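Subject: Structure for your review

Dear colleague,

Please find below the structure that I am handing over to you. A summary of what was found in it comes after the model.

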Amino acid sequence: MELGISMFGDLHVDPATNKVQAPGERLKEIIEEIKLMDEVGLDYFGIGEHHRPDYAVPTPEIVLAAAAPVTRKIKLGSAVSVVSSSDPVKLYQNFAMVDLISDGRAELMAGRGSFIESFPLFGYDLRDYDALFEEKLELLLKINKEPVITWKGKHRASLQEQMVLPRATNNHLPVWVAVGGTPSSVERAGRLGLPLMIAIIGGSPAQFKPFFELYQETYRRYGHPEDQYQVGIHVHGFYGEDSAALSEMYYPLYAAQMDRVGRSRGWPPYRRNQFDFGKTKNGALVIGDANEAIDKILYLQELFGLTRFATHMDTGAPLHKDIMKSIEIYGTKIAPKVREALRK
């Protein structure tokens with residue numbers, strides 16, 4: 001099982017002044033954080049696309065291109081790229097360039113996105129939400145297989161024997177699909193044989209088990225190779241030396257971000273009992289010391305048969321020094337013990 005980290009580039013808000021961190025400062029911090037992830041031996045990093053004032057990253061591939069020369073082994077991907085409001089031709093070209101710069105370490109994780117700001121920003125109608133994703137994912141996958149494209153759709157200009165260059169390493173860019181828990185999206189990934197990442201950010205993880213079963217059944221029914229079966233989860237997590245002290249530091253930041261998002265979605269205020277339940281075995285958070293994290297990660301791997309586990313580590317914008325400490329603990333204390341347990 002690969003062990004990695006995802007981020008959205010949350011901007012820190014100073015609680016004393018309410019001043020929002022400058023995006024340029026956060027972007028430089030992210031590069032330092034990715035460099036440390038590589039140094040401590042983590043397998044994967046993913047950065048999400050957002051077009052909101054509380055996040056620093058509207059274009060994941062630019063962050064990944066900046067990270068490529070300062071890392072050696074870690075895979076570099078999006079988490080996610082909003083395919084519905086992107087041009088699949090340009091998206092493929094951008095990620096192919098990251099792939100070439102990084103000597104074949106780039107990945108593209110396609111999703112519909114958890115926010116809708118990109119649709120009006122780039123001139124798309126939300127009434128076409130599902131159709132846009134279907135059509136553009138189809139074109140992206142076709143481009144990934146064929147350097148010369150002839151294609152016709154409804155939401156993008158047609159292509160007639162057009163070359164899409166440059167090509168990714170070995171003429172293949174790994175493309176994952178990220179879903180939040182919609183059965184039709186899970187079924188689509190299985191039907192297409194694409195690696196699947198499921199976001200679990202609330203409730204009890206066990207509730208998601210039917211989605212993994214649906215994916216596996218669909219993947220096998222369509223005859224895709226067993227040795228290419230890949231499934232992962234994205235969960236909110238953070239690691240420290242002392243679990244109680246970590247919770248006291250992190251809860252206010254986490255709750256503030258959940259409330260910022262929740263106000264636009266009609267969620268009730270986030271409470272401490274939700275946070276504390278999330279940290280238990282039956283909750284969706286992986287927050288605590290190394291031993292707590294090891295136990296929770298192994299439980300989730302056994303529950304779902306994971307090939308990838310991604311800790312989403314910057315929800316609520318903890319300070320850079322605390323993120324760096326969390327990465328260090330993950331890479332030096334948690335990951336080795338998880339890998340050792342899975343080898344037995």
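The notes below cover conventions, pockets, the cavity, a surface patch and backbone geometry.

The model is predicted, so to speak of local features requires pLDDT of at least 70 and side-chain atom pairs count only at pLDDT 80 or more, while totals for chains, interfaces and linings use all residues. Residues are numbered from 1 along each chain as its sequence is written, and side-chain values use heavy atoms, with hydrogens and water left out.

The largest pocket holds about 780 Å³ of space. Its lining comprises 38 residues, and Phe8, Gly113, Ser114, Ala199 and Ile201 are the closest to its centre. Two or more lining residues come from each of β5 (106-111), α5 (129-145), β8, α6 (183-192), β9 (196-199), β10 (231-239) and α8 (243-263). Here a pocket is an open set of points on a 1 Å grid over the protein atoms alone, with protein on both sides within 12 Å along at least five of seven lines, and lining residues have an atom within 4 Å of a point. Grid points are joined across faces, edges and corners, and a volume is the space filled by probe spheres set on the points. Helices (H or I, at least four residues) and strands (E, at least two) are DSSP runs numbered from the N terminus.

By class, this lining has 18 nonpolar, 15 polar and five charged residues. Ala, Val, Leu, Ile, Met, Phe, Trp, Tyr, Cys and Pro count as nonpolar, Asp, Glu, Lys and Arg as charged, and the others, including Gly, as polar.

The second largest pocket has about 410 Å³ of space. Of its 18 lining residues, His172, Leu192, Gly193, Leu194 and Gln228 lie nearest the centre. Both α5 and β8 supply at least two residues of this lining, and α5 gives the most, with three. The classes here are ten nonpolar, six polar and two charged.

Cavity

The structure holds one cavity of 30 Å³ or more, a cavity being a set of grid points where a 1.4 Å probe fits but cannot get out. The volume of the largest cavity is about 70 Å³. Its lining is formed by Glu49, His50, His51, Val82, Gly113, Ser114, Phe115, Glu117 and Ser118, of which two are nonpolar, five polar and two charged.

Surface and backbone

Val148, Met163 and Leu165 make a nonpolar surface patch of about 270 Å². Leu165 lies in the loop between β7 (159-163) and β8 (175-179), and counts as partly exposed because its relative accessibility is 42%; the class runs between buried (under 20%) and exposed (over 50%), with a 1.4 Å probe and protein chains only. The peptide bond from Leu165 to Pro166 is cis, with omega near -5°.

Glu161 belongs to strand β7 and is exposed, with a relative accessible area of 59%. Asn170 is in the loop between β7 and β8 and counts as exposed at 73% relative accessibility.

Yours sincerely

Note on methods:
Patch = residues over 30% accessible without salt bridge, like charges linked within 9 Å, V, L, I, M, F, W, Y side chains within 5 Å. Areas by Shrake-Rupley, 256 points an atom, 1.4 Å probe, with all protein chains shown as cover. Salt bridge = Lys/Arg side-chain N within 4 Å of Asp/Glu carboxyl O.
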